Every structure is written in structure tokens, then in C-alpha cells.
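Please look over the model below before reading the briefing.

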Amino acid sequence: MTHRDEFSSLSTGADYEALAGRFRPIFERIAEGAIERESTRTLPHEQIAWLKQSGFGAVRVPVEHGGAGASLPQLVELLTELAAADSNLPQALRGHFAFVEDRLNSQPGAQRDLWFKRFVAGETFGNAWTEVGDVKIGDVITIVSPKDGRWVLNGRKYYSTGSIFADWIDVYARRADTEADVIAAVRTAQPGVTQFDDWDGFGQRTTGSGTTIFADAVVEADDVFDFSTRFKYQTAFYQLVHLATLAGIARAAERDVARHVAERKRIFSTGNAPLARLDPQIQQVVGQISAQAYAAAAVAARAAEPAQRAYVARFGGDEAAEKAANIAAEIESAQGQLVIADLVLRATADLFNALGASSASARLALDRHWRNARTVATHNPLVYKARIVGDWSINGTEPPYVWQIGGSPAASK
């Protein structure tokens, strides 16, 4: 296959309004039960199933393979719309879209075609990379090894986001024979996989993020991938999903505060109008939140553009162009993170300035917007991202493409 043939089969964009129109009725149905799921901590199994059945998980798959051929900025926009309905769902699907992206970057052939077929059929992925407890940074204690003529996986992962809804899990592990770091694609429907919904965070409670235990879980040999072949802009990609989630939270905050102000009958004697919706100071608060939501969505979509260029450059034969796009993907996703986190955290806190004390009612669950935004914004520490961006701006230092978290060797001294 020539570079021209490869390029013609890439996912470079679709008619966005037509594409989004397929899913907006589903997003509306998802939004209808969001507060109840939040209040009762009900996992969105049914809502994830609606998205699977609609082909949402295959929007990045090329058209010639049965997908929608959406670009990465378009995926970010779709995830922003979904997050406005329920911010837990984009995060629950984050591992899925990352694995799809990895397969999009893999070499053309029968194996890639098989994965595309699975995605189009509605099969989805969860994520299981992080190990907690007495695990030193850089160590991997989840092991894939040969046993009785097959491969098996043993270990324990936390933050297994979305895995409880998924058909497969994208597991970061180490090979017992070579000690190489790998990705193991593991089917969830087997006795060797046990999952728990034990995430205890104050936000993003229904993402299905908890513990997964692997006990001789069977892995097909073709489903073990050397981690060194992982798509280069993966860290940027994971961050882009968080940016979309934050942007959607801001959009939901704008929607909710505007509705509550419009419906509000009680006023303060110190106010400026006979109705809250006519009070210029209240209008100012809502207008500011609207602008913050607009900016967050615009920055998120813009930050996805270099990642799309990196994906296309992967098949372009120009290593310098690909490297430049990968650097830009990391830097711009980090820049977007720094700006969007601030915008959305302010918007979700300031919405209470437009309403009275009744807005703190648990029944309204308006606090969920700040709690969810604060939880998402804790991923990938902002202070380190700011340093990485500053080091690039000042010194031209290439950003890291992979990072880890774990126990410090110094802590045991």
C-alpha cells in the first residue's frame, strides 16, 4: 500500500452536524437521568449500551471500515456534547477511544481490520494501567506470562475507568519472559477477571473506576502489544478527553444556572429588578459563565488539532513533520489543560452567585458540576504541566510523552 492509499483511508473528518445529529437524541436521553444517577450512585450501564448500539465507539474508525471517519477535533466536540449530558460518560469511554486511536496508528493488515470490525460491532474497551500500594515508580507488578500453551495475566489494578462497562480492558503489564512492558487486551467476560466499583472520589462517581483483579486471565498471543509501539501522542490524547469533559461540565453549568435564574420567583430586597432574570448583575454572572463555557469548548477543540496532524503524519513518511506534530500535541493539550481547568472551576463555583441559598439543595445537585470538574482537573497535575510548557517555551526542551506515578525510592530511606 502506498502513502497515498494509506492517506485516503484515514479518518480525516466528517460532516459534523450530520454526525452529531445521530447522537444528540441519545445525549438528551442520557441527560434526563443524570441527576438521579448522581444522587444514587447508579452506574450508567444502560446509557453506555445506548452509545454502543448507536456506533458512538466507532466514530474514529475510517469510513471504508464502517466507521464515521471523524477527526480528533470532531471527537472532542462530540465528547463535549456528551459531557454536557453526563460528564461521567466521556471519562468512562476514555480508555476505549485511546485503544481505538492506537489501532488507528497501527500498520494496515488483517489484525487492524479485525479490531476495526470489533469496534464497529459495538465492542468497547476499559482501562487498567495504574497500580497502587507498595509499588515503586517505574515498576509494573501485573505480569503476562506463558502457561500451558497460552498467555495468562496476573495482577491488580486501580482506576480501571470504564472497564466495568466494557468488553475488553487495555492493561499495562510486563512480560515474564522478556521483562518488556506491554499492553494486553483482555476480554472481561471470563473467570479470571474480577471487577469492583470501589472508586471513593467526591466527583465523577459513576465512571466505573475501581479495582480490577486478574487471576490467570487468558490473553491471546495476538493481543499482547509491545508498549514501545504505542501511538506517540497518547498522553496528549488522554488529556484531550479530560479537556472535553471539563468543557462539557461548563456547558452544563451554564445550562442549569440559566434555567434556574429564568424560573426563579424569589428575589432579594438588595437586588436590582422585580425578577432575577431581569437583574443586570445576575445577567452578568450568567453571561460570564457562558463566556467561560464557550472558551473552554473552543480551546478543547483547538488543542486537538495537532494530535490530528500527528495521526495523519504517522502515515506521511516525514519523520520530522510527525515529531513536530507530536510535540505540538503534548504542548497544546497541556496549555489547554492549564486554561480550561481554571475557566471551568471558576464557572462551576460562580454559578451559586446567581442563585440564592436554595441552590445548595442536594435535590438540585448543582454542586456536582464543581465536584466533577475538580476531580477531572486533578488528573495530570497542573503544576507539572505548567513547568513542562514553560521549559519548552524557554529552552525548547522536548516534552515527555509517557509518565508514571508510584512510590518514591526516597520514601523508603
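Predicted model: local features only at pLDDT ≥ 70, side-chain atom pairs only at ≥ 80, totals over all residues.

Residues are numbered from 1 along each chain as its sequence is written, and side-chain values use heavy atoms, with hydrogens and water left out.

**Helices α9 and α10**

- Helix α9 covers residues 234-263 and helix α10 covers residues 280-303; helices (H or I, at least four residues) are DSSP runs, numbered from the N terminus.
- The two pack at an angle of about 160°, with their axes 9 Å apart; axes are lines fitted to C-alpha atoms over the stretch in contact, and angles run from 0 to 180 degrees between N-to-C directions.
- α9 and α10 are therefore roughly antiparallel, a term for angles over 145 degrees.
- α9 passes α10 in a left-handed crossing, meaning that the near helix is turned anticlockwise from the far one by less than a right angle.
- On the α9 side, the residues that meet α10 include Leu240, Leu243, Ala244, Ala247 and Val261; contact means heavy atoms within 4.5 Å.
- On the α10 side, the residues include Ile282, Val286, Ile289, Ser290 and Ala303.
- By class, the contact of α9 with α10 has 17 nonpolar, one polar and two charged residues; Ala, Val, Leu, Ile, Met, Phe, Trp, Tyr, Cys and Pro count as nonpolar, Asp, Glu, Lys and Arg as charged, and the others, Gly among them, as polar.

**Helices α7 and α8**

- α7 and α8 pack at an angle of about 150°, with their axes 10 Å apart.
- This pair is therefore roughly antiparallel, and the crossing of α7 and α8 is left-handed.
- His96, Phe99, Val100, Arg103 and Leu104 of α7 make the contact with Arg112, Trp115, Phe116 and Phe119 of α8.
- The contact of α7 with α8 has six nonpolar, one polar and two charged residues.

**Helices α11 and α12**

- Helix α11 (residues 305-313) and helix α12 (residues 319-350) have axes that come within 8 Å and cross at roughly 155°.
- That makes α11 roughly antiparallel to α12, and their crossing is left-handed.
- From α11 the contact uses Pro306, Ala307, Arg309, Ala310 and Ala313, while the residues from α12 include Ala321, Glu322, Asn326 and Glu332.
- Eight nonpolar, one polar and three charged residues make up the contact of α11 with α12.

**The second largest pocket**

- Rolling a probe the size of a water molecule over the atoms shows where empty space is left.
- On a 1 Å grid over the protein atoms alone, a pocket is an open set of points with protein on both sides within 12 Å along at least five of seven lines, a cavity is a set where a 1.4 Å probe fits but cannot get out, and lining residues have an atom within 4 Å of a point.
- The second largest pocket has a volume of about 270 Å³; grid points are joined across faces, edges and corners, and a volume is the space filled by probe spheres set on the points.
- Its lining has 16 residues, of which Arg103, Ser106, Gln107, Thr229 and Arg314 lie nearest the centre.
- α7 (94-104) and α8 (110-120) each supply at least two residues of this lining.
- By class, the lining of the second largest pocket has three nonpolar, six polar and seven charged residues.

**Cavities**

- The count comes to four cavities of 30 Å³ or more.
- The largest cavity has a volume of about 120 Å³ and is lined by 15 residues, with Ala34, Asp86, Ser87, Arg368 and Asn372 nearest its centre.
- α3 (34-40), α5 (72-85), α9 and α13 (367-377) each supply at least two residues of the lining of the largest cavity.
- The second largest cavity has a volume of about 40 Å³, and its lining residues include Ile48, Phe56, Leu93 and Thr124.
- α4 gives the most to the lining of the second largest cavity, with three residues.

Technical notes: Parallel < 35°, antiparallel > 145°, perpendicular 65-115°, else oblique.
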